[in-house]
Amino acid sequence: MPTTTGLAKRVRERALPVARIGFAATVVLAVVLGFWGLEWHSRSATYSLGRGFWNIAYYDLQLFVLGSAPLDSAGPFPWPLQVARFLAPAATIYALFEAGRAMFASEWQRQWQRRMTGHAIVVGETPIADAMVDGLRRNGRAVLRTAAGDAASLRDAGIAGARFVYTCADDHNDSSVNVLAAAVARQQQRTKKAGDLNVYAHVSDPTYALGLRARHLSQPMTGADFFNIDELAARELVWSDRDSFQTGNPLVVIAGLGPFGQSVIVELARMWQVSARAHEKLTIMLVDPDAAAIEQQLRQRWAAVAETCDLTPFADLASAFDTPIVPTPHRVYLCYQAEEESVRAALTMAALWQGGKQSVVLRLDRLAGLADVFGGSANSLLDDVESRLRPVCVGRLVVAADPSRADRIHDDIYERLAQLIHHNYLRREVDKGNAMGTAAAMVRWENLADDYKEANREQARDIGKKLTSVGCTVAPRSGTGVDLGADPLFEELAKDEHKRWMDERIAQKWTWGPKRDNDAKHHPSLVDWDELPEAEKDKDRAAVRDIGIVLADCGLQIVRLNDTESPV
C-alpha cells in the first residue's frame, strides 16, 4: 500500500504535465482568437489605429499585459476578441503564480516539512540509507531524508515532530559521525504532541558499536541504540536459513572475515546452540589473510563460538580448496570487504558451485545493484548457476525483506539482552532433552507470547542496576569477567531479583495461590524471600549467576570498578 506522501507526490507528478498542457493551450488560443478578433475589429468603422500583419500581431501580444490600444475604445468588439481579452490576462496571471511558486517552493517545502509529525528521518547518502528509506516507505512510514545530521538540517527535516531518526552517514573516515548526529537529534526541541523520539545510529565498526552499547546499558533511556547493519543482516540471513542445517553434515566456508563474516559465525553458533544437533560441533572453514588471529579473537569474545564451532583458518580460497573438500560445503559465504573480490570469486571459482540451491551467498552493499543482475529467468542478464548463487544486500535484508518483521532494527540493548535471556533458557532446556515446541516458552523469540517477552525485558532492564549495586559495570569481552556467583553480596542480589519478579507479577494483578494457575493468575512463589522454598530461591540465584553468561552472549563481560570485592 503506498504511503500518503507517495500518493501526494504521484498526484503532483501527474497534475504537472496536465497544467502545463492547459496553460500552453490557453496561450495559443488567446493568441489565435486575439489576432482573429483584432483583424476583424480593424475593418470596423470605429477602428482608427494602424493596420497590417505586424501591427495587429503587436496589439495581440499586448493583450497579455492588459494594455492593448485597440481596446481603449468603448467597442463593440468581435466575439473572438472578447474571449481573447479575458484568456490572455488569465494566462499572464497563471504564469506569474507559477513563477512565484517556483521562486518560493523550497521555502514552502521547508516550512511544511518542519511541521510534519509522526514521520521518520534518515540521515546520510549511503547504500544503507537508501535501503532504510526504501524499506520504511514499503512498510507504510512517511520518510524525510537529509544528507547531514547537524541541528539546522534536522530542524528542516521536521525533527520537532519526528517519531524516528536513523543516522546512516558514511562513518568509515569519522567513526563518530552518526553517534554525534544521534546526540544532536536528542537535544532538539520537540512539540508536545510529537511523543517520544527514537534514535538509532549506525556504527560500521562492530567493536565500537559494542562499546557504545555497553555504556548505554545502565542508562534508563529506551528507544535508542547503536546498530551495525552487518550484525542485523547476518542474524536475518542465518536464522531464516536455519532449517537447512538440520540434516546431513553441514560444512560452512566463510571467505572474508570483516564485520559481516564474523557476525555470520556468531549467529551460526547461536543457531547451533538451540538446534537438535547442539551436542555436535559445527565445522566452519575461515578464509582470510588474518584468519588465524581472528579465530582466536572470536573464541575469546563469543562464548557461543568457542562452545559450538570447530574453526579451521585458511589464508585464501585457493588454499582452502586446494584439494576436493569432503563433505561438499553446505554454505559458502563470500563476505570480502572489497566486494569486487567476492564477485570475482563467485564468477570464476567453479569449486564453489558444488553445493545445492543457494549454497553460495554473495554479500553486497556498495554493489547492491548487482543483486538484480543474476537470476534464472530469460530476462536476467547473468544466470545464477542453476540457483546456486544467492546475492544478498545487507540493507535490504534488514529493512525490506519482510514487512512483518521490519521493527527488528529497533531492538535496543535491553531488547537484545531480553532475547539472549530467552536464548539462554532455550539452551538449558535443550541440554535437558526438552525439544523446541514442547512448552509455551520453548519457542523462538518472535513466536513467544507477549507476557513472556515482557518478563524477559524487565529482567534485562534491571541488569545495570544490579551491577551498579556491587560496584561493577560492563565492557566488551576480552576474558571471563567477574563471576557474580562469587560476590559477597550474591545472596542479596538474588533477594533483589525475587523482589523485582514479585513487583512485576503484582503489577500484572497476580496473587498468591497454593498452585500456579496462569488463567487465574495465582502463583505460590508470591511470598517474601524467607518464606520461599529453597528450590525457588535457586531460580533467583541462577538468574543472577546467568547475568555473566547472557552478557557474554552479547559480547560483553562484567568488570569491577573498585579495588574491594564489593561495596559496603
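Val385 lies in the loop between β12 (382-383) and β13 (389-393), where helices (H or I, at least four residues) and strands (E, at least two) are DSSP runs numbered from the N terminus. The phi angle of Val385 is near 55°, a positive value in a residue other than glycine. Most residues other than glycine have a negative phi. Lys509 is found in the loop between α18 and β15 (511-512), and it is exposed, with a relative accessible area of 66%. Throughout, buried means under 20% relative accessible area, exposed over 50%, and partly exposed in between, with a 1.4 Å probe and protein chains only.

The model is predicted, so local features need pLDDT of at least 70 and side-chain atom pairs count only at pLDDT 80 or more, whereas totals for chains, interfaces and linings use all residues. Residues are numbered from 1 along each chain as its sequence is written, and side-chain values use heavy atoms, with hydrogens and water left out.

Turning to the empty space, rolling a probe the size of a water molecule over the atoms shows where such space is left. On a 1 Å grid over the protein atoms alone, a cavity is a set of points where a 1.4 Å probe fits but cannot get out, while a pocket is an open set with protein on both sides within 12 Å along at least five of seven lines; lining residues have an atom within 4 Å of a point. Grid points are joined across faces, edges and corners, and a volume is the space filled by probe spheres set on the points.

The largest pocket holds about 1300 Å³ of space. Its lining comprises 38 residues, of which Tyr425, Asn456, Gln459, Trp501 and Lys539 are the closest to the centre. At least two lining residues come from each of α15 (413-431), α16 (450-461), α17 (463-469), α18 (490-507), α19 (534-545) and α20 (547-553). By class, the lining of this pocket has 14 nonpolar, 9 polar and 15 charged residues; Ala, Val, Leu, Ile, Met, Phe, Trp, Tyr, Cys and Pro count as nonpolar, Asp, Glu, Lys and Arg as charged, and the others, Gly among them, as polar.

The structure also holds 1 cavity of 30 Å³ or more, and the largest cavity contains about 30 Å³ of space. Lining the largest cavity are Thr328, Pro329, Val332, Ala351, Leu352, Gln354, Gly355 and Ser359. That lining divides into 4 nonpolar and 4 polar residues, with no charged ones.

Two packed helices are described by the angle between their axes and the distance between the axes. For α15 and α16, the packing angle is about 115° and the axes are 8 Å apart; axes are lines fitted to C-alpha atoms, for helices over the stretch in contact, and angles run from 0 to 180 degrees between N-to-C directions. The crossing of α15 and α16 is right-handed, a crossing being left-handed if the near helix is turned anticlockwise from the far one by less than a right angle, and right-handed if clockwise. Tyr414, Glu415, Leu417, Ala418, Ile421 and His422 of α15 meet Asn456, Arg457, Gln459, Ala460 and Arg461 of α16, with contact meaning heavy atoms within 4.5 Å. The residues of this contact divide into 5 nonpolar, 3 polar and 3 charged.

Asp462 sits in the loop between α16 and α17 and is buried, with a relative accessible area of 12%. Leaving aside neighbours within four places in sequence, Asp462 is in contact with Glu497 and Arg500. Asp462 and Leu212 are 250 residues apart along the chain, and their C-alpha atoms are separated by 18 Å.

Elsewhere, Leu317 belongs to helix α12 (residues 317-320) and is buried, at 5% relative accessible area. Not counting residues up to four places away in sequence, Leu317 touches Val253, Ala255, Val287, Leu334, Tyr336, Ala345, Met349 and Leu352. Asp316 is found in the loop between β8 (309-314) and α12, and counts as partly exposed at 35% relative accessibility. Finally, Asp372 is placed in the loop between β10 (360-364) and β11 (374-375) and is exposed, with a relative accessible area of 53%.
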